[in-house]
Amino acid sequence: VETPEKINILDLGCGTGSLACFLRPYAKTLDGLDLSPDMIKIAGETGLYDSLIEHEIETHLAKISIQYDVIVAAAVLVHFYDLQNILSLIWNRLKKNGKLIFSVFEGSVNEKELNDFLMYAHSDRYITNLASSLSFQVNYRKNAIHEYHSEKPVSALVYVFQKIE
């Protein structure tokens, strides 16, 4: 069995590093980025990241020049109302054919909205229109339950985008 080539991965909004165990076997380098010093400290204790950066996502993506094969943003984009800028910054940080794997809460009424627990939700139409305008190909899309809030399921959309040029 041939072992797949290891890749460079950025875990955006890595939090406590809960995805590091899953990502590390695939990674040549695994970088984590989070705004919270407390979260970064806990992620560091996993010993699984090559580097951990405490910084705001958009500011960091705008100032670095490194490019990644994969960028993961699990339950991160729910903190952003308008996704155009952050997705554009991510596109710039991906290598040719690089992939973005992310989740958002599914909007039920508008393209972008504040949900009942004060995070942002986005419609599939909004996400897929952005993908098209930014030269991303949607390779995967799935609707799933992200979590339960007050015993009611909260729907999420999970995507894999691929950078096309």
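These are my notebook entries on a predicted model.

**Entry: the cores**

I started with the largest nonpolar core, which holds 31 residues. I looked for the members that touch the most other members and found Leu12, Leu61, Leu77, Leu83, Leu87, Ile90 and Phe102. H4 gives the most, with five residues.

I then picked out Ile90 and set aside residues up to four places away in sequence. Ile90 touches Leu12, Leu61, Ile71 and Leu100.

I also found a second, separate core of 11 residues. Among them are Ala20, Ala27, Tyr49 and Val70. I noted a general point here: in soluble globular proteins, nonpolar side chains tend to be buried together.

**Entry: helix H5**

I listed the buried residues of H5: Tyr126, Ile127, Leu130 and Ala131. Do they line one face of the helix, or where do they point? I looked down the axis of H5 and saw that its buried residues fall within an arc of 135°, so they line one face. The face turned away from that buried side carries exposed residues, namely Arg125, Ser132 and Ser133.

What covers the buried residues of H5? I found that the cover includes H4, E5, E6, E7 (120-122), E8 (136-149) and E9. Just after H5, I noted that Ser135 takes a positive phi of about 65°.

**Entry: Lys112**

I placed Lys112 in strand E6, residues 112-114. Its relative accessibility is 21%, so I logged Lys112 as partly exposed. The cut-off for buried is under 20%.

I looked up the contacts of Lys112, leaving aside neighbours within four places in sequence. They are Tyr81, Asp82, Ala121, His122 and Tyr126. Tyr126 is also one of the buried residues of H5. I checked Ile57 as well, 55 residues from Lys112 along the chain. The C-alpha atoms of Lys112 and Ile57 are separated by 20 Å.

**Entry: cysteines**

I searched the whole structure for disulfides and found zero. A disulfide needs the sulfur atoms within 2.5 Å.

Are these cysteines buried or exposed? Cys14 is buried, with a relative accessible area of 5%. Cys21 is exposed, at 61%.

Notes. Residues are numbered from 1 along each chain as its sequence is written. This is a predicted model: local features need pLDDT of at least 70, side-chain atom pairs count only at pLDDT 80 or more; totals for chains, interfaces and linings use all residues. Side-chain values use heavy atoms; hydrogens and water are left out. A nonpolar core is a set of buried Ala, Val, Leu, Ile, Met, Phe, Trp, Tyr and Cys residues joined through side-chain atoms within 4.5 Å. Buried means under 20% relative accessible area, exposed over 50%, partly exposed in between (1.4 Å probe, protein chains only). Helices (H or I, at least four residues) and strands (E, at least two) are DSSP runs, numbered from the N terminus. Contact means heavy atoms within 4.5 Å. The arc is that of the directions from the helix axis to the C-beta atoms.
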